[in-house]
Amino acid sequence: MMNEDLSFSEARDVLRKWRDDNERKSDEVVQVFEYCLADKVKKLGNEKLIILEQVFIASLDCGRIKLAEDCIRVLISEFPESLRIMKLKSMLLEALERYDDALDVLESIIKRDETNAGPRKRKVAILKAKGQIGDAIKEMCDYLKKFMSDQEAWHELCNLYLMEGDYNKAAFCMEEVLLHNPYSHLIHQRLGDIRYTIGGQDNIEIAKSYYAQAIKLNGNNLRALYGLYLCCNHIALSKAQIAKRKEAQKLASWALQKISEITEKSTGKSSNLTGVSALEAAFGNLDIKTN
Amino acid sequence: MGVYKIVLTLGLISLLHSGYSAAQYRTFLRISEQEFESLPLDISIQAIVSFAVVVYSILSIKSDWKLIHATEIGKSSWDTFANIQSFYSFNHRGKALFNPDYTQPNLPNMDLLN
């Protein structure tokens, strides 16, 4: 990896970029910090504390408990009373799998500040880490009754329902996220995925329109193009009206053409017919078979 | 496009000229010791018309506008969009993959199963 060669300011900028773009990249964050910044923490100025928080979470993600303890020690000495730091402390306990102690810390934060959403979310995360998905869903529903406009929480509830295989409820949650963000192609694509997974003629029709909307919002969304292709193939082979089937067939070949255009552009190779037919055969196998 | 560049130059000159005229008018008033009430109508009209000409010609020269997309395309991917920090859980393979000091926990004795 190139991370060792970064200069001080490059390392600082790359960490800031990852923070702003909401990337996980925990291993990379820890490496950049250890190789480039660890000796010069004092030079970071007013970014020091936020970088320490970022590195703290990343090191928990990598199981580097010692580094996390070093980070939080500095943060505690800076803000001994802060609720935000207490939440980080509970995360450290969580990473050590001391879930009950972590819950105690979270409860004490909630007692001191009832409007603080962070620790309530962590409670759900603890249940999820313990594998108690059902309880996590219940806790999350309670949370959402109090904080209805929390988009992240709806998204996470959708993930929890997907883990349980409850696709209809997951679709409902994703629709809620869509209401907050109606022009996001990613949400449309995800809803298409969920509807296609549920299956059945009606749901596949709905999935098709979600995928179509996703492509309208961003023509380069490859996954939505694949999804549209699969939906159209399914409709073309179904017992729908002939006009509808013909239209679906046309749309499927259009999607396939778009896909090969995009892959051509990114690989720099001109498509050959064998490649396309191999793709077509592969997708034929992927299609949901209704028995 | 070349025509618009000439129009832009003329417009700018005309705009400068109207400003110069206004300054000249103020000096004339000062010399002749009259009270300032308002600018003469012709100078105001010249300023406004030439300003409109300049705006129009700049818009016509630099007209390869980009569309405003509703979402920031290219920047947001599913990876960053679906990464929700408030719900991170640390009970995953990361500690085995990225921690050099990781030791495997003792597995239960599997011999009994055989």
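Biologist: At what angle do helix H11 and helix H12 of chain A pack, and how far apart are their axes?
Modeller: In this predicted model, helix H11 (residues 185–198) of chain A packs against helix H12 (residues 201–217) of chain A at an angle of about 160 degrees. Their axes are 8 Å apart.

Biologist: Why is H11(A) called roughly antiparallel to H12(A)?
Modeller: The angle is about 160 degrees, and angles over 145 count as roughly antiparallel. H11(A) is therefore roughly antiparallel to H12(A). As for handedness, H11(A) passes H12(A) in a left-handed crossing.

Biologist: What makes H7(A) and H9(A) roughly parallel?
Modeller: The axes of helix H7 (residues 117–129) of chain A and H9(A) cross at roughly 15 degrees. Angles under 35 degrees count as roughly parallel, so that word applies to H7(A) and H9(A). These axes come within 12 Å, and the crossing is left-handed.

Biologist: H9(A) also takes part in a pocket lining. What share of the lining of the largest pocket comes from H9(A)?
Modeller: Four residues, which is the largest share. H9 of chain A spans 151–164. Helix H2 (26–37) of chain A, and helix H3 (78–81) and helix H4 (94–98) of chain B, also supply at least two residues each. The space in this pocket is about 500 Å³. Its lining has 25 residues, and the closest to the centre are Arg24(A), Asp61(A), Asn83(B), Tyr88(B) and His92(B).

Biologist: How do you know that the lining of the largest pocket draws on both domain 1 and domain 2 of chain A?
Modeller: The domain assignment of chain A gives domain 1 as 1–80 and domain 2 as 94–165. Each of them contributes at least three residues to the lining of the largest pocket.

Biologist: Which classes of residue make up the lining of the largest pocket?
Modeller: The lining of the largest pocket has 10 nonpolar, six polar and nine charged residues. Among the residues closest to the centre are Arg24(A) and Asp61(A); Asp and Arg count as charged.

Biologist: What is known of the second largest pocket, and which residues are closest to its centre?
Modeller: About 420 Å³ of space lies in the second largest pocket. Of its 20 lining residues, the closest to the centre are Arg19(A), Glu53(A), Gln54(A), Ile57(A) and Gln85(B). By class, this lining has eight nonpolar, five polar and seven charged residues.

Biologist: Which helix gives the largest share of the lining of the second largest pocket?
Modeller: H3(A), with five residues. Helix H3 of chain A spans 48–61, and at least two lining residues also come from each of helix H1 (8–21), H2 and helix H5 (83–95) of chain A.

Biologist: How many cavities of 30 Å³ or more does the structure hold?
Modeller: One. The largest cavity has a volume of about 40 Å³, which is over the 30 Å³ cut-off. A cavity is a space where a 1.4 Å probe fits but cannot get out.

Biologist: What makes up the lining of the largest cavity by class?
Modeller: Five nonpolar, one polar and one charged residues. The lining consists of Ile76(A), Phe79(A), Pro80(A), Ser82(A), Ile85(A), Met86(A) and Lys89(A). Lys counts as charged, so Lys89(A) is the charged residue here. H5(A) gives the largest share of this lining, three residues.

Note on methods:
Residues numbered from 1 in each chain as written. Chains lettered and ligands numbered in written order. Predicted model: local features only at pLDDT ≥ 70, side-chain atom pairs only at ≥ 80, totals over all residues. Heavy atoms only, no water. 1 Å grid on protein atoms, 1.4 Å probe; cavity = no way out; pocket = protein on both sides within 12 Å on 5 of 7 lines; lining within 4 Å. Points joined across faces, edges and corners; volume = space filled by probe spheres on them. Domains from an automatic or database assignment. Axes fitted to C-alpha atoms, helices over the stretch in contact; angles between N-to-C directions. Parallel < 35°, antiparallel > 145°, perpendicular 65-115°, else oblique. Left-handed = near helix turned anticlockwise from the far one by under 90°.
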